[in-house]
Amino acid sequence: MVSDSPSPFSPQVSRLGPAAVDVLDPWESWQRLSGGGPISTEIDGDGRGCWYLLDYQQMKSALQNPAVFSSQKDSYKDTSQEFVLLPGEVDPPVHRKYRTLLNPAFSPGQVAAREPEIRRICVELIESFLDRGSCEFMNDFAFLYPTSVFLGMLGLDVRRTTEFVEYTHRFTRPRSASDRRDVEIAIDASLRELFGERRSQPRDDLASYLLSCEIDDRPLTDEELLSIGRLLFIAGLDTVAATLGWSFHHLAIRPQDRTDLAVRPELSSTAVEEFLRYYSVITSSRTVAEDTSINGCPMHAGDSIVIPLAPVNRDASEYEAADQFILDRRPNRHVGFGLGPHRCLGSHLARTELRIALEEWLARIPDFSVGHPDWRPEASGLEPLLGIGLSVPMLSSLPLSWASTKAAD
Amino acid sequence: MADHGELTVALRPGLCSGHARCYAIAPDLYPIDDEGYSALEPTLVPENLRQLARTGAEACPEGAIRMDETATKAG
């Protein structure tokens, strides 16, 4: 069934090919599509529509109405068939039961309690290359940092960070379908092993917490535990790494913003919000559950909905000077973490990781630039333009350099 | 701008999704529960906190916080 049905996000629905995308500013390309109503494209064969919602009001209509715009994955009833993600791929009211279990572990208070540990990991990484005067930001920092934080939180050995970074790369940018399947099996195996160990010997970590949780007066099943573990793993690593990459690229090429932030670290929180708005990396997708319409566009049950949050967050009717990056923008009611019941579970963790990265980096490296004059930016994950929901636009590499005090001595 | 009248803030049912942006701006005015969702009861905002209350309410991406401003009746 799964293999027979054509992907609802088939590349032929594209209206704008990758050649039209500016690698360093895919957001601008999205904006060129926006301005009208939702963009409709018919999918060959099965006659289902695919709608791109590109402005703030359309996005809000859809994401705040899960009864009509569903996240439910058809295969949920048989989770063994596919790599299903709980609770991201179920609708309310079932969704709410899982979120009630998970929310306390990711609440602002819980994240604040982890801040010293997050800061320690961040500082350790920066100091590992500080004296060198240069790094390849994506490999040396952007992936390692959130992955280390996550492994420690879940209960996995942080010495396996490099291994899990590789899993993240292969899951989101697989070399082939079988490569993707292999990495899913490897992730599942690590999770099974972890839950198995914690079942007999609980510790103070998220895995043990999940094992202690009950839903409808019963413990979570092995499949539910795996599914939740997968979601945490998939949703939290690539996204933070990508946002770090765009944020630090921005600071490298915008000396005024870099200096302002280095001199006034108290601006870090508002800066994080503006990075999240200006460089939004998430694309939400939904399925129309019952016939409806947005802006007069008739949508039929079964149609696909793609909501890239990037153009939404640069919608001029919602944000003042929407095209400008403003370090101390206030108010900044962006939707970088989505909207409605599926609001990113890890949003408070991500915000904290990003803020600490800015604070600790700029305290040690207040001045830095793109490291190689002949560096040509390459980015992956520009596929939202081709209609693939979960891809995250990501710099493939980012060489940075700075004056090292050690080197100068 | 001088404030006249009263400001009450309250939660619109079913909209809070735990962004906690109100709490980030004014934790004392906008308490959250263990899940990180708003625990706001309808609150008459003290005069000196009205601007902060508005900023906190306006920060909500869901529009989950209702502001009821009542003007003082003249004379």
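Figure 1. Of the 104 residues that make up the largest nonpolar core, A:Met59 and A:Tyr145 touch the most other members. Like every view in this set, this close-up comes from a predicted model. Helix 10 of chain A (residues 222–253) gives this core its largest share, 16 residues. Another core, of 20 residues, lies apart from the largest one, and B:Cys22, B:Tyr23, B:Ile25 and B:Tyr37 are among its members. As background, nonpolar side chains tend to be buried together in soluble globular proteins.

**Figure 2. Helix 7 and helix 8 of chain A, packed at an angle.** Here helix 7 (residues 161–172) of chain A meets helix 8 (residues 177–200) of chain A at an angle of about 140 degrees, and their axes are 8 Å apart. The two helices of chain A, helix 7 and helix 8, are therefore oblique to each other, because angles only count as roughly antiparallel when over 145 degrees. The crossing of helix 7 of chain A past helix 8 of chain A is left-handed. On the helix 7 side of chain A, the contact is made by A:Tyr167, A:Arg170 and A:Phe171. Helix 8 of chain A brings A:Asp179, A:Arg180, A:Val183, A:Ala186 and A:Ile187 to the contact. Sorted by class, the contact between helix 7 and helix 8 of chain A has five nonpolar residues, three charged residues and no polar ones.

Figure 3. Look for A:Leu206 in helix 9 (residues 206–212) of chain A. Is A:Leu206 buried or exposed? A:Leu206 has 23 other C-beta atoms within 10 Å, so this residue is buried. A:Leu206 and A:Met153 are 53 residues apart in sequence, while their C-alpha atoms are 6.1 Å apart in space. Not counting residues up to four places away in sequence, A:Leu206 touches A:Ala105, A:Met153, A:Leu154 and A:Gly155.

**Figure 4. Two cis peptide bonds in a loop of chain A.** The loop to zoom in on runs between strand 3 (69–70) and helix 3 (94–102) of chain A, and A:Pro87 is found in it. A:Leu86 and A:Pro87 are joined by a cis peptide bond with omega of about 0 degrees. A:Pro93 also lies in the loop between strand 3 and helix 3 of chain A. The peptide bond from A:Pro92 to A:Pro93 is cis, with omega near 5 degrees.

Figure 5. A:Asp216, a residue other than glycine, has a positive phi near 50 degrees. A:Asp216 sits in the loop between strand 5 (214–215) and strand 6 (218–219) of chain A. With 6 other C-beta atoms within 10 Å, A:Asp216 is exposed. Over in chain B, B:Ala20 is not a glycine either, yet has a positive phi of about 60 degrees. B:Ala20 belongs to the loop between strand 1 (6–11) and helix 1 of chain B. Is B:Ala20 buried or exposed? B:Ala20 is buried, because 25 other C-beta atoms lie within 10 Å.

**Figure 6. B:Arg21 in helix 1 of chain B.** B:Arg21 is found in helix 1 (residues 21–25) of chain B. This arginine, B:Arg21, is buried, with 24 other C-beta atoms within 10 Å. B:Arg21 touches B:Ala59, B:Cys60 and B:Pro61, if residues up to four places away in sequence are not counted. From B:Arg21 to B:Glu58 is 37 residues in sequence and 9.2 Å in space, C-alpha to C-alpha.

**Figure 7. Chain B beside chain A.** In this view, 14 residues of chain B are in contact with 14 residues of chain A. The side of chain B that touches chain A holds five nonpolar, five polar and four charged residues. Chain B has two helices and three strands, which run β-α-β-α-β from the N terminus on. Of the 75 residues in chain B, 40% are buried. Chain A comes to 15 helices and 14 strands, and 44% of its 409 residues are buried.

Terms used
Residues numbered from 1 in each chain as written. Chains lettered and ligands numbered in written order. Predicted model: local features only at pLDDT ≥ 70, side-chain atom pairs only at ≥ 80, totals over all residues. Axes fitted to C-alpha atoms, helices over the stretch in contact; angles between N-to-C directions. Helix = DSSP H or I, 4+ residues; strand = E, 2+ residues; numbered from the N terminus. Parallel < 35°, antiparallel > 145°, perpendicular 65-115°, else oblique. Left-handed = near helix turned anticlockwise from the far one by under 90°. Contact = placed C-beta atoms within 7 Å. Nonpolar A, V, L, I, M, F, W, Y, C, P; charged D, E, K, R; others polar. Buried ≥ 20, exposed ≤ 12 C-beta atoms within 10 Å, placed from the backbone. Core = buried A, V, L, I, M, F, W, Y, C linked by C-beta atoms within 7 Å.
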